Amino acid sequence: VSVALGIFKLTGADPKASTIAGVNWGRDTDCIAAMAAGLSGALSGVGTIPAEWIATVDTATMASADTLYHRSIEEIAKGLYGAVRNNLATLQQQIDSLEV
């Protein structure tokens with residue numbers, strides 16, 4: 001995690017640069033690159049990720065027999081966003097119930 005955070009910082013949260021730096025770091029490169037690029041993409045937005053990279057990952061995910069579920073990056077992102085929104089709504093209901 002510390003290497004991924006360092007790459008995230010050093011690349012200025014650029015997903016492409018974070019991915020390349022993570023892959024070239026050595027050792028557990030897939031996890032390092034995924035963490036650094038994931039943080040970068042979350043901060044800077046999907047528009048900063050090359051479209052062909054997203055298409056490549058989506059295609060490989062759909063074709064893989066080893067993937068547990070076949071969802072696109074967009075579907076996963078929308079699901080996570082929905083989960084966070086639901087959690088915030090639940091927390092807000094709890095706060096509202098305390099302010100009676």
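**Close-up 1. Lys78, an exposed residue with a charged partner.** With 56% relative accessibility, Lys78 lies over the 50% cut-off and therefore counts as exposed. This view, like the others here, comes from a predicted model. The side chain of Lys78 meets that of Glu74 in a salt bridge, with 3.0 Å from N to O. Side chains of opposite charge can pair when their charged atoms come close. Both residues sit in helix H5 (residues 73-98), and because they are four residues apart, about one helical turn separates Lys78 from Glu74. If you are wondering how many salt bridges the structure holds, the count is one.

**Close-up 2. Helices H2 and H3 side by side.** Two packed helices are described by the angle between their axes and the distance between the axes. Here the pair is H2 (residues 15-25) and H3 (residues 29-44), whose axes come within 7 Å and cross at roughly 165 degrees. That angle is over 145 degrees, so H2 runs roughly antiparallel to H3. The crossing of H2 past H3 is right-handed. On the H2 side, the contact is made by Pro15, Ser18, Thr19, Gly22, Val23 and Trp25. H3 brings Thr29, Ile32, Ala33, Ala36, Ala37, Ser40, Gly41 and Ser44 to meet them. Sorted by class, this contact has seven nonpolar residues, seven polar ones and no charged ones.

**Close-up 3. Ser18, a buried serine of helix H2.** Let's zoom in on one residue from the H2 side of that contact, Ser18, which is found in helix H2. Is Ser18 buried or exposed? Its relative accessibility is 0%, so Ser18 counts as buried. Leaving aside residues up to four places away in sequence, Ser18 touches Ile7, Phe8 and Thr11, and also Ala36, Ala37 and Ser40. Ala36, Ala37 and Ser40 are among the H3 residues that make the contact with H2.

Close-up 4. At 11% relative accessibility, Ile32 falls under the 20% cut-off and so counts as buried. Which residues does Ile32 touch, not counting those up to four places away in sequence? They are Val3, Ala4, Ile7, Gly22, Trp25 and Gly26. Gly22 and Trp25 are among the H2 residues in the contact with H3.

Methods: Residues are numbered from 1 along each chain as its sequence is written. This is a predicted model: local features need pLDDT of at least 70, side-chain atom pairs count only at pLDDT 80 or more; totals for chains, interfaces and linings use all residues. Side-chain values use heavy atoms; hydrogens and water are left out. Axes are lines fitted to C-alpha atoms, for helices over the stretch in contact, and angles run from 0 to 180 degrees between N-to-C directions. Helices (H or I, at least four residues) and strands (E, at least two) are DSSP runs, numbered from the N terminus. Angles under 35 degrees count as roughly parallel, over 145 as roughly antiparallel, 65 to 115 as roughly perpendicular and the rest as oblique. A crossing is left-handed if the near helix is turned anticlockwise from the far one by less than a right angle, and right-handed if clockwise. Contact means heavy atoms within 4.5 Å. Ala, Val, Leu, Ile, Met, Phe, Trp, Tyr, Cys and Pro count as nonpolar, Asp, Glu, Lys and Arg as charged, and the others, Gly among them, as polar. Buried means under 20% relative accessible area, exposed over 50%, partly exposed in between (1.4 Å probe, protein chains only). A salt bridge is a side-chain nitrogen of Lys or Arg within 4 Å of a carboxyl oxygen of Asp or Glu.
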